[in-house]
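Please look at the sequence and the model shown here.

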Amino acid sequence: MKTCRKEPIPPTGASGNEPGLQAAAFFNAAAAAYDQPRHQRFYGRVAAELVALLPAGLNVERLLEVGAGTGFSTLVFQSGFPEAQVTALEPAPQMLDRGRQRLPEVEWICRPLAGMPPASFDLVASSMSYQWLDLVERQKIVKLAAGGVLALALPLSGAAEMNGNLALRKIVFQLRGGNWPRQARRRGAVEAVLRRCFLEVNTGIVRIDEEYESCLGLSRSLLERGAMHSLFGEKAAQAAKMMAACQEQACFRWTIGLFVARSDRSRWRGAQAPSMAAALKPRR
Ligand SMILES: C[S@@+](CC[C@H](N)C(=O)[O-])C[C@H]1O[C@@H](n2cnc3c(N)ncnc32)[C@H](O)[C@@H]1O
C-alpha cells in the first residue's frame, strides 16, 4: 500500500490572507456538507467529461490531482487509469480525511499547490479547483505537467465563446501571468500561443442544468460548493439570504470549460513559461 502523507498547511506568512489558504479554510469548514451524493453526481460528471477528452490510449503511470477535495473526481481519475500511482493534493484537512476514507490506496498530501515540491507526472489533472489557485499556482500547474498531459475543468462565467474559446484565452493569459498584450487579441493568436506551449490541445464545454425544488436548495448547494463564495465574494451571505427568500423552483446552468494539452519538456526549458511576446513571434 502507498504511504499517506498528511502535512500541516504551511505557515501563511505575515498576512495569513493567501487566496489558496482562504479557500482551504472555507472548504475545511464546508467538508461535511460538501461530501454528499448530489455533489458527488455533479463533480463526478465533470471529471468524467474531462477524462473523456483525454487522448485515447494515454499511458499514465504517475497521476497528480490538484485540489482533490473529498475524492469525487479522484475516484473518476483513478477508475480511468487503474494502473496509475495517484497522488492527490488537497489543502483542507477535513476534505482530505474524507478523500482518504473514500480512496485509502491514493497518496494524499495535505498542501496547497504552492507548497508542492517539483515532481514529474504523466498526467496532471484538476477538476473544478483551478479557479481557486492563484496566478503563481496556475503557472506552476502548467510546469508540473511539462512532459505529460495537463487536464483542467473550470467553471466559466460570461460568454463561453470569445475569439475561439474563453477557457483557452483564460489559460493562455495565466500562463503568461501578466498583462494581456494587444497582439494576443488578434484572431488566432490564442491558438498560436498554445501551439508553441503545447504539442496538442483539446478543449470542450460542458453545460449542466441542475434542477432544485426551491431557491433555498439552490443557494444551499452553491454555498456548500464554494460557488456562492466565488460568485459573490464578501456579499455571499447577502446573496444567499436573497435566494433563500424565494420559494420557487430553480434551475442553475453551469458552463464548464475543459482543457486538455500535451506538452514536451523542450517547450518548458528554464524556470519560466515562454513569454507571450516570445510565443507570438513568428518561427524561422
Ligand atoms: C470545488 S472543490 C473540487 C474538489 C474535487 N476536485 C471535486 O471535483 O470534488 C475545490 C477544491 O480545491 C481545493 N483548493 C483550494 N485552493 C487550493 C490550492 N491553492 N491548492 C490546491 N487545492 C486547492 C479546495 O480545498 C477544494 O477541496
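Q: In S7, what is the bridge partner of isoleucine 205?
A: This is a predicted model, where local features need pLDDT of at least 70, side-chain atom pairs count only at pLDDT 80 or more, and totals for chains, interfaces and linings use all residues. Residues are numbered from 1 along each chain as its sequence is written. Strands (E, at least two residues) and helices (H or I, at least four) are DSSP runs, numbered from the N terminus. In S7, isoleucine 205 has as its bridge partner glycine 257.

Q: Over how many bridges do S6 and strand S7 pair?
A: Two strands pair if DSSP finds at least two bridges between them. Arginine 207, for its part, stands opposite threonine 255 in S7. S6 and strand S7 (residues 250-262) run in the antiparallel sense, and the number of bridges is 13.

Q: In what order do the 7 strands form the open sheet?
A: The pairing in this open sheet is mixed. Strand S3 (107-109) and strand S6 (200-212) each have a single partner strand, so one side of each is left without a neighbour in the sheet. Direction ignored, neighbouring strands are turned by 15° against each other on average. The order is S3-S2-S1-S4-S5-S7-S6.

Q: Which residue in S7 is the bridge partner of leucine 154?
A: S5 and S7 pair over 7 bridges, in the antiparallel sense. The partner of leucine 154 in S7 is glycine 257.

Q: How many residues of strand S4 are buried?
A: A residue is buried if 20 or more other C-beta atoms lie within 10 Å of its own, exposed if 12 or fewer, and partly exposed in between, with C-beta atoms placed from the backbone. On one side of S4, Leu123, Ala125 and Ser127 are buried, and so are Val124 and Ser126 on the other. Strand S4 (residues 123-127) is largely enclosed by the rest of the structure, because the buried residues number 5 of the 5.

Q: How many bridges join S4 to strand S5?
A: S4 also has a parallel partner in strand S1 (residues 62-66), joined to S4 by 3 bridges. In that pair, leucine 64 has valine 124 as its bridge partner in S4. S4 and strand S5 (residues 149-155) run parallel, and the number of bridges joining them is 5.

Q: Which helix makes a β-α-β unit with S4 and S5?
A: A crossover is right-handed if, with the strands pointing away from the viewer, the path from the first strand over the helix to the second runs clockwise. The unit with S4 and S5 is right-handed, and its helix is H5 (residues 135-144).

Q: What is the phi of methionine 128?
A: Methionine 128 lies in the loop between S4 and H5. Methionine 128 is buried, because 24 other C-beta atoms are within 10 Å. Two residues are in contact if their C-beta atoms, placed from the backbone, lie within 7 Å, and beyond its neighbours within four places in sequence methionine 128 is in contact with Tyr43, Val46, Ala153, Leu154 and Pro155. Although methionine 128 is not a glycine, its phi is positive, at about 65°.

Q: How far apart in space are isoleucine 256 and leucine 152, C-alpha to C-alpha?
A: Isoleucine 256 is in strand S7 and counts as buried, with 21 C-beta neighbours inside 10 Å. Leaving out residues up to four places away in sequence, isoleucine 256 touches several residues, including Val46, Leu156 and Ile208. Isoleucine 256 and leucine 152 are 104 residues apart in sequence, and their distance in space is 9.9 Å.

Q: At roughly what angle do the axes of helix H8 and helix H10 cross?
A: Axes are lines fitted to C-alpha atoms, for helices over the stretch in contact, and angles run from 0 to 180 degrees between N-to-C directions. The axes of helix H8 (residues 215-224) and helix H10 (residues 236-244) come within 7 Å and cross at roughly 155°. That makes H8 roughly antiparallel to H10, as angles over 145 degrees count as roughly antiparallel, under 35 as roughly parallel, 65 to 115 as roughly perpendicular and the rest as oblique. The angle asked for is roughly 155°.
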